[in-house]
Amino acid sequence: MSEKKRVGVQNYRFIELEPTPTTAWGKFKRVLKRSVKLELFVGLKVTFREMFKALFMGEMHTVKYPLEKLPISPRYRAIHEMKRLLESGHYRCIGCGLCEKICISDCIRMDTRYDENQRKEVVEYTINFGRCIFCGYCAEVCPELAITHGGRYETASEQRASFSLFEDMLTPIDKLKEQKEYPGFGAISPNADENIKKTPLAY
Amino acid sequence: MDGYIIGTIIKAVLILLILSALAGFGTYLERKVLAFMQRRLGPYHVGPYGLLQILADGIKLFTKEDFIPAGANRIIFMIAPAITAATAFIALAAVPLLPEFTIFGIKVRPIVSDLNIGLLFVIAMMGVGLYGPLLAGMAQENKWGLLGSARTAVQFLSYEVVTGLSILAPIMMVGSLSLIDFNNYQAGGISHWIIWKQPLAFILFLISGYAETNRTPFDLLEHEAEIISGYATEYSGLRWGMFFIGEYTNMITIGFLASLIFLGGFNPLGFIPGGIAIILKVSFFFFLMLWIRAAWPHIRPDQLMWLCWKVLMPLAVLNILITGIVMMV
Amino acid sequence: MSKEITITIDGIECKAKEGEYILNIARANGIFIPAICYLTRCSPTLACRLCLVEADGKRVYACNAKAKDGMNIVTQTEEILEERRAIMEVYDVNHPLQCGVCDQHGECELQNYTLEMEVDEQHYAIADTKRETKNWSSVLHYDAGLCIVCERCVTVCKDMIGDSALKTGPRGGDKLDKSYKETMPKDAYAMWNKLQKSIIVPSNGTEYTNCSDCGECTAVCPVGALTERDFIYKANPWELREVPSACAHCSSACHLYYETRFTSIDDPSEKIFRIKNEFHYQSLCGAGRFGYDYENRNVKKDPNALKRAVEAIKKAKTIRFNSMITNEEALMLQTLKEKFGIKLVNKEVKPFQNFLKVYGKAKGQMLYSNSFKDMSSSDFIVSVGAKLRNDNPAARYLFNNIQKINKGAGFYFHPVGDTLVPTFGKSVSVFNHKVGDEEYVMLLLLDLFADKEKLPSEIKEKLASFKEKRVKKVKEKVMKEVVEKVVDKESGEEKEVKKKVPSFEEKEVEYEANLLVEKLGGDVENFNEEFEKALKKKEDFALIVGEDFYFHPKAANLAKLVALFEETTDFKVAFIPPKSNALGVALICDLDENEEGFVVGYNEPGDFKISALGDGDFDIPAMNQQEGTTTNMNKRVVPLNAALDYEGYELNDIMNELGLGKNLTIDWTEALPVEKGYQVAKFDDLPNYFANDMSEHRGYVLANMPVDKEEVIIEEFSESKLEGQIAYRCNPQRQFNDFTDKAHQIFEPFALYVSPEKAKELGEFVKVEFENGEGLELPVEVDERLSGDIVEVPDFKAEMDVYSLFGKNRYAQVKITKV
């Protein structure tokens, strides 16, 4: 009936439909054909089969959400995580402020100071998740791979502004071994080594 | 005589309570079955397997604001749901629900009133049920409600005809309008079931039964996609709940009628005692309604009319003629 | 002056003066030549070698090559680009990759040029040397690891500031691999060779700089090596909002940017984090750079206080104020005087106003003719009556800059000994004259520079009386012939050899002695020769007149002498107004001598105190919280902008309550008196920037209005009556007023400042008793650069009322007793 069109490269199939009958006889024939062929019961069969599968063959689709959660893609961009250095356990953030600068919803703020070891110390760091749009720019711009997105997607809060502090997002020190590198936005590309020109060393 | 009145009252109250509860349970079952057929879980949070969801919904319905639109005819608006619920229950008065049994030494006939025109009464009462949606839709001053009530009138009146004609043939065979007589007629076992003699009548009755109870594929009265909620658009809270109870009670009534008229009623089925047998049969019909809702799309209003007047009614008349001819011969 | 020439840079014709550096010409014409080490007003360092260009086919460094007429300059050739890229690569060798935490991150010239030269690969390497991070002073922080030894800090400290507190020292780095010499571009190798050997250290050989803590070195540092200790790691440059304004502390009113940001996560209110300046065009002092957080904090509108203030003004007989005030506020006070007859008392400005009046009448002009800006081209500068180091940093920088850049000479006349001024240059002559001899200073200057014809006869006579024929002994080098007998080794013969041997003979020479020089503490014997030497090739002369002249018993006579001097010489003359907006107040307000009755103090003590310091009965905004203008010593009306929010009432609100107000404070800007040289200009139309060619576009310049000229009659000179211990009213270097004192980075206390030798004598805490019997109890602070016996009493705290103690003289006779 319809022309076969190329729709993408997916495996679409066009179903050949019979023309709609126009004469009374034609219509009657169609009713008869459908009734005799018991097409209606095919529908009943399908639904019953699905019920059977769901109940007895463990093919239930529902996930009992708060109790069980679907595994989420490791590249999912939800609530931020602050990573630690694997060897020393010290947090990676150096307080450069690039995330603060690039944040298009202006939700990141940090206070830094000159600490006793002559290093830049992050005194306080907040992300206002009431404003964050999870664009991932902060993770992309971070030179230390310190701020990344994580899998905690439950961001609902009782107030419009919901601030998350540095300590809340930081990998707990006892879970350092479970810390995984984030493969998504801002991560080192797999072929990074090929793109870098090596600097000579004198020692 | 006093005992008869007290017994009747007790029976009426029991039926009212049990069927109301069953209507609620019916909603639970419907949600559950539909969910399973779509491979979902359905309600499962409240209580074990979500059983207390009925209670939660009940509480919700009770506590919801009883809203009456400003331009509505208040009295009719308030009465309409009651008509639906009441007629649904009244219809059940002439339906024998279970076989006779003895409890505390008293012989109980689980029928409120064994009228000799029982079947006619039931059909009549269900016909009166038409007034509920009709008045509700016209009283609420709402376009969708009005459309809903118009559809109600058309659909119920039309299919009333088919219902009546389709069971005329079994009535001719049994020679009685009492449903107990129908039951007794089929006492001989499965082979005596009227369905074998009147398969066409059975199918016609079932189809028109769906139409009368406003079930898929004939759920045009409150078709959400077209007319919001039809006659129930402006209803909320308990009044809306009464429409619901009426609908589910009607579903059970149809189930009983179909079992009693065509499928051997509460006669024992082999080793299965009669009481269990009829419950199984009614349950099957209830399930079938849900199943069909899960499987089939509904039809257009014009197709509804076409089906009624051009297909079902001629077939019903034909069936009566053939039955009559066969009986005469 | 030098003649106009035309040169071509990259095909663009540029007009310039002969002898100008090519780089400066390019900058003035908006042509980009990369350069890290060169600062516009300083001498070329030749450290970075990036400004390499081709002039008529020859490779020269644009920063130290002088332009000649018709020169054709190409800024980019393939070779030059290669050279520049190699230089940038070398700069990047071992530069720590910690841009993320560096305070310069985002405005770093190393970053910029590395990108500009497209350095994406490193070819050179050398072992790194450990370099320690150091705190050089209470404000300076040096991270040697980040330093690229461009020597800008050394240059600016020497050429502009005059402290010369920094120098390059040994780095202790490895020697370069010899193979680089062949393979590397020449200039890059030379630059690296030097870089690898040096690092910046304090020039006094210790770990700490002994300087005036102006922080200019932190401003000029192209990388994050030199930073202010207070600012380290607090905020990133890009977060800061730049508010162009002017410094309010001294009369120089230097252009600066307040850089503000929210205080912290917990406190969203704006805060000034630091000061930035256009260091190519104007240098800041320590007070300007560090004395920024004097705002009147947490002020809300208090209608009751306003009511009380209005009552106080109605009741007032006198308003007492100082020069920390905008032109607009001064005009409001003047309006109050006109309407209500309230007396205006300003002890800082009144003598200056009197001085200007006398000077004006003698000169026929309301103001001094030149600005300090004009003087930057001078090569001979004379400073009279100004304690250069303390009174006005801009004047001091000018004096120093002329010595260093224009190869100039200078005379510095002042009674108080200062060890810094002589170090400005070899040709600086310091005259530590006696207190009160300022008239003779002017007389000497007239003698040396004036056109004698034009001088009145009594001056001529006076001059003649100071001339005397004297005889001095001079050692003269004479070549004598000596006959020696030498034995020839081979032949054994004796020979007589004639040789010429130098010997010194003392000889008596008659010379004309200038007794004035002797009187003023100069070296009479050699003065004539030295003066002749200093005057060689000099063609542009300048005179700075300082505060001592205004606060002087014979101030009127001095004013006339200055006017006479200006008339009879071709000197450029400019005055240093005593305090921040003294010139504005002197022009706008009609000041009275003495206070009487109910006194309303305006940032000053009084019966009712209106104050921007947060300690008064009625709050007004401080100078960094309000818009307005100030009149600076260059006779320029420059705009001040509000860096911080202020939510309280202003003086204008009181004026409104009295029915005299205008809509906004800045609406008064248009009303500034035109007859005093101000313009009818809207505040919002006033520009505030420097252009590439160093021209100043800030506000407008006052017109020098003519006044009726009166005949100059020079009075008899007088000798000073001060004897014994003398105190001098003078602030420490970074203190000017209560506001600098409020700033958290300025630590100089209110104390008696004395020379190191005097300190031994005085101990730690003394009582200073003045002639009128009143006294101050002060701790003793040593000013390392002070010499001599005179002690300094600061005046920056208004409540101490030091002006009353000194009266109309900057010097006073005191009795100091140990406590």
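The model is a predicted one, where local features need pLDDT of at least 70 and side-chain atom pairs count only at pLDDT 80 or more, while totals for chains, interfaces and linings use all residues. Residues are numbered from 1 along each chain as its sequence is written, and chains are lettered from A and ligands numbered from 1 in the order in which they are written.

Let us begin with chain A. Its secondary structure comes to 6 helices and 5 strands; helices (H or I, at least four residues) and strands (E, at least two) are DSSP runs, numbered from the N terminus. Chain A has a radius of gyration of 29 Å, well over the 17 Å that the globule rule gives for 203 residues, so chain A is more spread out than a compact globule. Here the radius of gyration is taken over C-alpha atoms, and the globule rule is 2.2 Å times the number of residues to the power 0.38. Along its principal axes, the C-alpha trace of chain A spans about 95 × 45 × 35 Å. Chain A is also divided into domain 1 (24-56) and domain 2 (80-187), with bounds that come from an automatic or database domain assignment. The C-alpha centres of these two domains lie 57 Å apart.

Now compare that with chain C, which has 24 helices and 38 strands. Its radius of gyration is 29 Å, close to the 28 Å that the globule rule gives for 819 residues, so chain C is as compact as a globular protein of that length. The C-alpha trace of chain C spans about 110 × 75 × 60 Å along its principal axes.

How do chains A and C meet? In the contact, 21 residues of chain A face 19 residues of chain C, where two residues are in contact if their C-beta atoms, placed from the backbone, lie within 7 Å. On the chain A side, the elements that give two or more residues are β2 (108-114) and β3 (120-128). Of the elements, β2(A) gives the most, with 5 residues. The chain A side divides into 8 nonpolar, 6 polar and 7 charged residues. In this count, Ala, Val, Leu, Ile, Met, Phe, Trp, Tyr, Cys and Pro are nonpolar, Asp, Glu, Lys and Arg are charged, and the others, Gly among them, are polar.

Inside the order, β1 (residues 4-9) and β5 (residues 72-74) of chain C pair in the parallel sense over 2 bridges, and C:Thr8 stands opposite C:Asn72 in β5(C).

Finally, turn to chain B. The axes of α3 (residues 74-91) and α4 (residues 118-128) of chain B come within 8 Å and cross at roughly 175°. That makes α3(B) roughly antiparallel to α4(B). Axes are lines fitted to C-alpha atoms, for helices over the stretch in contact, and angles run from 0 to 180 degrees between N-to-C directions; under 35 degrees counts as roughly parallel, over 145 as roughly antiparallel, 65 to 115 as roughly perpendicular and the rest as oblique. B:Thr87, B:Ile90 and B:Ala91 in α3(B) meet B:Val122, B:Met125, B:Met126 and B:Val128 in α4(B).

Notes
Two strands pair if DSSP finds at least two bridges between them.
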